Amino acid sequence: MTTLLILEGNSPEFNDAGNIAARAFESLFKWIDPALDLVTLFPYRVAPTEADMSAADGIVFTGAGVAWSVDGEEGLAQVRAMELALRSGKPIWGSCNGMQLAAHVLGGTVGISANDHEVPLAKEMQITEAGATHPMMAGRQSGFSVPCIHRDIVVKLPAQAKHLAGNAHTPIQAFAYEADGIDLWATQYHPELSLAEIAGFVRARGIFADHAVMAEDLDIAEENAEAAARLGASPEDLTTEARTTELRNWVTHVKAQQR
């Protein structure tokens with residue numbers, strides 16, 4: 001059996017309001033492989049332990065909707081969890097906030113995007129030379145669009161990181177760090193999220209209020225070519241199989257490390 005440990009990125013206040021980023025991962029992983037054993041922990045409530053990391057075959061850091069950046073004092077609980085995960089040697093997945101968190105802990109730089117929010121898609125994604133041969137990007141070709149919703153970005157990669165993909169809005173959209181016993185894959189975009197789920201975020205307004213007008217197209221774009229085109233994609237980009245490419249590759253990678 002393969003056990004995945006999912007570490008929730010949102011604060012207790014967000015969780016109590018029904019915003020639990022781990023739920024999208026739980027649903028998707030069960031779609032990928034119903035036999036996966038999933039354990040979800042909430043680092044802002046209770047600090048994960050070395051035993052928690054050791055019991056997992058792979059570790060996931062979710063995205064987050066918190067107001068602070070990963071290098072702020074408010075995010076210290078997540079920093080400590082990432083430090084522990086990196087020391088475990090287990091395969092790690094970082095999504096959005098999770099990617100920024102990993103970059104920060106490994107010595108990179110994060111900040112608020114000068115290009116404003118990127119919602120609801122990362123469009124015209126370009127795979128780098130390193131990405132073209134990396135197993136995380138297997139099945140991808142440059143030019144794809146993928147669900148995305150974020151404010152902060154990785155400004156500078158950690159030394160030894162492999163830059164795998166980017167676009168005009170956010171040059172660093174995916175990276176891997178495979179050195180010093182660390183096995184980490186990360187994306188700024190959200191392979192775990194459907195466009196309908198992103199529609200819920202923009203309808204909730206908050207910092208993404210300016211994008212609420214997209215909600216109706218987001219609801220139907222996975223089946224409606226005209227709606228997808230208005231958002232900057234094709235329905236083929238948005239099928240569950242296409243948008244989850246990197247995460248399906250990661251699950252395969254995790255299982256391979258068990259052998």
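Predicted model: local features only at pLDDT ≥ 70, side-chain atom pairs only at ≥ 80, totals over all residues.
View 1. Residues are numbered from 1 along each chain as its sequence is written, and side-chain values use heavy atoms, with hydrogens and water left out. The residues that line this cavity are Y44, V66, W68, S69, V70, G75, Q78 and N97, sorted into classes in which Ala, Val, Leu, Ile, Met, Phe, Trp, Tyr, Cys and Pro count as nonpolar, Asp, Glu, Lys and Arg as charged, and the others, Gly among them, as polar. The volume of the largest cavity is about 40 Å³, and the count comes to one cavity of 30 Å³ or more. A cavity is a set of points on a 1 Å grid over the protein atoms alone where a 1.4 Å probe fits but cannot get out, and lining residues have an atom within 4 Å of a point.

**View 2. Five residues of the largest nonpolar core, I59, F61, F175, Y177 and L184, touch the most other members.** The core has 30 residues, and a nonpolar core is a set of buried Ala, Val, Leu, Ile, Met, Phe, Trp, Tyr and Cys residues joined through side-chain atoms within 4.5 Å. At least two residues of this core come from each of β1 (3-7), β3 (58-61), α4 (76-88), α5 (97-105), β10 (174-177) and β11 (183-187), and α4 supplies the largest share, six residues. Helices (H or I, at least four residues) and strands (E, at least two) are DSSP runs, numbered from the N terminus. Apart from this core lies another, of 27 residues, which includes M136, C148, W185 and Y189.

**View 3. Helix α5 is largely enclosed by the rest of the structure, because seven of its nine residues are buried.** Those buried residues are N97, G98, M99, Q100, L101, A102 and A103, where buried means under 20% relative accessible area (1.4 Å probe, protein chains only). After α5 comes G107, with a positive phi near 105°.

**View 4. C96 and C148 lie in a structure that holds zero disulfides.** C96 is in no disulfide, and the nearest cysteine sulfur, that of C148, is 6.7 Å away, whereas a disulfide is a pair of cysteine sulfur atoms within 2.5 Å. C96 counts as buried at 5% relative accessibility, and C148 is buried with a relative accessible area of 0%.

Technical notes:
1 Å grid on protein atoms, 1.4 Å probe; cavity = no way out; pocket = protein on both sides within 12 Å on 5 of 7 lines; lining within 4 Å. Points joined across faces, edges and corners; volume = space filled by probe spheres on them. Buried < 20%, exposed > 50% of the residue type's maximum accessible area, 1.4 Å probe, protein only.
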